[in-house]
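Here's a quick briefing on how two chains sit together. Have the viewer open while you read.

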Number of protein chains: 2
Amino acid sequence: MSEFVPTNRTGVVRHPERAIYDRQRIYSILDEAFICHVGYVIERQPFVIPMVYGRSGDRIFLHGSALSRTLCSLAEGIDACVTVTLVDGLVLARSAFRHSINYRSVVILGKARPVTDPAEKFEALQCVTNHVSAGRWDEVRQPDEAEMMSTGVLVMALNEVSAKSRSGFPIDLERDLSLPVWAGVIPVRMELGEPVADTHVPVDVPVVDKNKFTRST
Amino acid sequence: MSEFVPTNRTGVVRHPERAIYDRQRIYSILDEAFICHVGYVIERQPFVIPMVYGRSGDRIFLHGSALSRTLCSLAEGIDACVTVTLVDGLVLARSAFRHSINYRSVVILGKARPVTDPAEKFEALQCVTNHVSAGRWDEVRQPDEAEMMSTGVLVMALNEVSAKSRSGFPIDLERDLSLPVWAGVIPVRMELGEPVADTHVPVDVPVVDKNKFTRST
């Protein structure tokens, strides 16, 4: 199916014109970002923890220390929410009230499942590594058995998903348009700086090309 | 007090060397970022929603449509978690396992309270506006009564708070150091692009100085 079906939990109510249910558009947001905020509940208290992730088809993978509270809690199959947000711009209007942010965000509801099959787990880690740093997996030493053991991996299906986005200029009131105030958008983007090598890199090893890791927009 | 007191809910267990409880350092993270991810629970399902915020002393303010589900739910005083994350770098190691992210993140637990006193609400909106876009409040038309009515504002005290940060180079195994692989850090930062005016800005109005809105690092 090319669209996610909004549920009473993911359907966008406020600003329905900002809703995105199209699968490919949602995938492109998930592919551009690499940090998600994972929400889960312990004894009625919600926790929201930033994590990296990877996407493969209609699944996302999370990983971390096999001992982490977040991972262990999620592995029990409790209700979770994974949210991914890209900030695209500051929207400066002529009135304070009309100020806004241009953004794209995805909300994924569901339960995570631990990935225990060694081959599947290996592929999931490859997916996460390459999601953050394209092509890196094949350039580095891959995990040995001990490292695999100490890493926890979770998979979450992309079933109950929606996204929301705002783009474009401020929407000022007609009566404010003549105010002597600059109004418009200041684009926001994530930039990568120049790579800084650690002291152990042999002199004949070329500097990594940071453009490989640039997120498309 | 100059330090937050870790509780069994905010104390950092994994990588305790990454923990931050110092109030000023935590404030500086909150002041540099402007997007938070707010977690709350409805019928056992956690939701994580991106919002802008502002900080004033030992409180943060959230705002949005007075009708938004998130705001109305939080206004009831349910348990919430507000998480703020800054990404500082991609940490490229010689083994997949040792890859990491340099980051600073703050987790705030507590309950929000609606701000209803008109003067306090006005100040809260000023705080949020200037938090995102420094000095903007005094340059634009401030909210009228109808706009104030349709805006919901919440305040959350900074009581149960902790932060976590990673910085610096990858920590590779001794036996991996001789691998012919580039390793180090690629800095990540949020950049502001050139302001784009909408079509109504009078020609004699100077372009906004985007550097006013640059986040310090």
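By what turn and what shift along the axis can chain B be laid on chain A? A turn of 180 degrees and a shift of 0.0 Å along the axis do it, with an RMSD of 0.0 Å, where copies are superposed by least squares on the C-alpha atoms of residues with pLDDT of at least 70 in both. That is the relation of a two-fold axis. In chain B, the C-alpha nearest that axis belongs to Met190(B), 2.3 Å away from it.

Some ground rules before the details. Keep in mind that this is a predicted model, in which local features need pLDDT of at least 70 and side-chain atom pairs count only at pLDDT 80 or more, while totals for chains, interfaces and linings use all residues. Residues are numbered from 1 along each chain as its sequence is written, with chains lettered from A and ligands numbered from 1 in the order in which they are written.

**The interface**
- Chain B puts 83 residues in contact with 83 residues of chain A (contact means C-beta atoms, placed from the backbone, within 7 Å).
- Elements that each supply at least two residues to chain B's side include E5 (79-92), E6 (100-111) and helix H3 (118-132); helices (H or I, at least four residues) and strands (E, at least two) are DSSP runs, numbered from the N terminus.
- E10(B) gives the most to that side, with nine residues.
- By class, chain B's side has 51 nonpolar, 17 polar and 15 charged residues (Ala, Val, Leu, Ile, Met, Phe, Trp, Tyr, Cys and Pro count as nonpolar, Asp, Glu, Lys and Arg as charged, and the others, Gly among them, as polar).
- The copies meet through the same surface, because 100% of the interface residues of chain B are also interface residues in chain A.

**Pairing across the chains**
- Strand E11 (residues 196-197) of chain A pairs with E10(B) in the antiparallel sense over two bridges (strands pair if DSSP finds at least two bridges between them).
- Ala197(A) has Gly184(B), in E10(B), as its bridge partner.

**Around E2(B)**
- Six of the eight residues of E2(B) are buried, so to speak mostly covered (buried: 20 or more other C-beta atoms within 10 Å of its own; exposed: 12 or fewer; partly exposed in between; C-beta atoms placed from the backbone).
- E2(B) runs antiparallel to E3(B), joined by eight bridges, and Cys36(B) has Met51(B) in E3(B) as its bridge partner.
- Their hairpin has two residues between the strands, and Glu43(B) there takes a positive phi near 50 degrees.
- E2(B) is also joined to E5(B), antiparallel, by four bridges, with His37(B) opposite Thr83(B).

How values were computed. Contact = placed C-beta atoms within 7 Å.
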